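Please keep the sequence and the model in view while reading the points below.

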Amino acid sequence: MAADIARFLRDKFINNFEVEEKEHPELPLHSFFTDIKNILEDYTITPSTPIQINNWLNNLNTALTDCCILSEELKTQTKKGPLQGYSFSQLWLLRTTKNLLHKIRKNLHLLTRIKLVKPSSSSTLAVAPTQEKASISYRLHGFDEQLKHIEAMLNPCESSPGFKKVAIVGMGGSGKTALARMVFLNWQAQDSFSPTIWISLAETLKGDLDFEQIVMEMLMQCSTGETFEKDVSLEEMLFILGSRLEGKKYLIVLDGIWHINRDWWYLKLKEALQWDFKGDESALIITTRVSKVAERMVGKNNLHQMQPIMDRESCWSIFTDAVKEEKLISIRNPILLKMKDDIVDQCDGLPLAAKTLPKIISKHIYQIQFFSPELRDLAARRIQEAWRYSKKVLMIT
């Protein structure tokens, strides 16, 4: 339907312009209209064409009518004086129309520069299924209340209407990413938002930021199996991203933001997607361990501070789930069960610690049971070292 309207408006402009330029040889802003006509004649409107084109074409037809009326008025006016026969109101109309046509021409040019091609072996990025984009390998035991709090912050019935921004803040290993994934994959989010976009920034922002790669990944995740040619500029990718998301209720997760002095890319993304002006119920979730970064990006009132797991059984459940994944020992192993209280104490309520320890402990308990006394003694010492190792892991992740 939208594509049919766009074709009608395009044909209406082209036909009217061809008639009017014959009747008005000195049509104001003739060169702008000619450029736009040439662009439209070469561009094929399809159902995937951004819906904003209808507004551009409608404004274009109005601008053509205004210029034709102005041309008729100028026929009866003497072109003398500093204003060359124009009144102040006519000059103002001419100026605003010129700016409008310049913007329309630029937008249409950018639109035609985005050339979709079929995925190939040399494609820059692949579109992953939602479950693969942000899969959870374990239940986040003990975080049900925190999950409810995040969902309430995103719910327009329980918070103010409009675009939602939420930051999940906490130390390394506190479960920020896992909680964000739970929200992302929750059936309510999958039913309420489309598209849903997950971008992992933790590794990217430790080194040089490739903002073009981030925007490309976002485009891939809100497309349907296409990829984009490599010569598309960052400005063009941001433009088409805004076009793809315009009028949609989407969810974007930016996971693992580190540096406050590198948020220029966020400001460009914010401007391109017009988050300050969105009246819909789309949402953005970021995760970071730096409170200043969170406040700067989403505001002080939109922070969720991660809380440690206070329920010891929930912490133990995360640990045993990870033990099952290692597939070396049973979760009912007597040695493991004797260590339960020590393991829970060492985790300090941090999910990542409960996930890290099984990688070492399972292996060494296996050695204690099935190897020589010398190796059993070594394994026992290694288990003690695992406590210290887990702390180091949390400090660097």
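**Salt bridges, helices and backbone features**

Asp11 and Arg10 form a salt bridge in which the closest N and O atoms are 3.1 Å apart. The model is a predicted one, and a search of the whole structure finds twelve salt bridges.

**Salt bridges**

- Side chains of opposite charge can pair when their charged atoms come close.
- In the pair of Asp11 and Arg10, Asp11 is partly exposed, with a relative accessible area of 34%, whereas Arg10 is buried, with a relative accessible area of 15%.
- Glu41 and Lys37 also meet through their side chains in a salt bridge, at 3.0 Å from N to O.
- Glu41 and Lys37 are four residues apart in helix α2, and are therefore separated by about one helical turn.
- An α-helix has 3.6 residues a turn, so residues three or four places apart point the same way.
- Glu41 counts as partly exposed at 41% relative accessibility, while Lys37 counts as buried at 12%.
- A network of salt bridges links Glu18, Lys37 and Glu41.
- A further salt bridge is made by the side chains of Lys249 and Glu281, at 3.5 Å from N to O.
- Lys249 is partly exposed, with a relative accessible area of 29%, and Glu281 is partly exposed with a relative accessible area of 29%.

**Helix α1**

- Helix α1 covers residues 2–23 and has 22 residues.
- From its first C-alpha to its last, α1 reaches 32 Å, close to the 32 Å expected at 1.5 Å a residue.
- The buried residues of α1 are Ala3, Ala6, Leu9, Arg10, Phe13, Ile14, Phe17 and Glu20.
- The cover over these buried residues of α1 includes α2 (30–42) and α3 (52–75).

- The axes of α11 and α12 come within 9 Å and cross at roughly 45 degrees, which makes α11 oblique to α12.
- The crossing in which α11 passes α12 is right-handed.
- On the α11 side, the contact is made by Leu234, Leu238, Leu241, Gly242 and Leu245; on the α12 side, it is made by Lys268, Leu269, Ala272 and Leu273.
- Helix α6 (residues 144–154) and helix α7 (residues 176–185) have axes that come within 10 Å and cross at roughly 55 degrees.
- Helices α6 and α7 are therefore oblique to each other, and their crossing is right-handed.
- Gln146, Leu147, Ile150 and Leu154 in α6 meet Leu179, Met182 and Val183 in α7.

- Leu336 is found in helix α15, which covers residues 334–338.
- Leu336 is buried, with a relative accessible area of 0%.
- Leaving aside neighbours within four places in sequence, the residues in contact with Leu336 are Trp316, Phe319, Val323, Ile329, Ser330, Ile331, Ile343, Ile361 and Ile365.
- Leu336 and Thr320 are 16 residues apart in sequence, and their C-alpha atoms are 9.8 Å apart in space.

**Backbone features**

- Most residues other than glycine have a negative phi, and most peptide bonds are trans.
- Ser194 and Pro195 are joined by a cis peptide bond, with omega at about 5 degrees.
- Pro195 is found in the loop between α8 (187–192) and β3 (196–200).
- Leu29, a residue other than glycine, has a positive phi near 60 degrees.
- Leu29 lies in the loop between α1 and α2 and is buried, with a relative accessible area of 15%.
- Gln274 is not a glycine, although its phi is positive at about 55 degrees.
- Gln274 lies in the loop between α12 and β6 and counts as partly exposed at 44% relative accessibility.

Technical notes. Residues are numbered from 1 along each chain as its sequence is written. This is a predicted model: local features need pLDDT of at least 70, side-chain atom pairs count only at pLDDT 80 or more; totals for chains, interfaces and linings use all residues. Side-chain values use heavy atoms; hydrogens and water are left out. Helices (H or I, at least four residues) and strands (E, at least two) are DSSP runs, numbered from the N terminus. The expected span of a helix is 1.5 Å times one less than its number of residues. Buried means under 20% relative accessible area, exposed over 50%, partly exposed in between (1.4 Å probe, protein chains only). Contact means heavy atoms within 4.5 Å. A salt bridge is a side-chain nitrogen of Lys or Arg within 4 Å of a carboxyl oxygen of Asp or Glu. Axes are lines fitted to C-alpha atoms, for helices over the stretch in contact, and angles run from 0 to 180 degrees between N-to-C directions. Angles under 35 degrees count as roughly parallel, over 145 as roughly antiparallel, 65 to 115 as roughly perpendicular and the rest as oblique. A crossing is left-handed if the near helix is turned anticlockwise from the far one by less than a right angle, and right-handed if clockwise.
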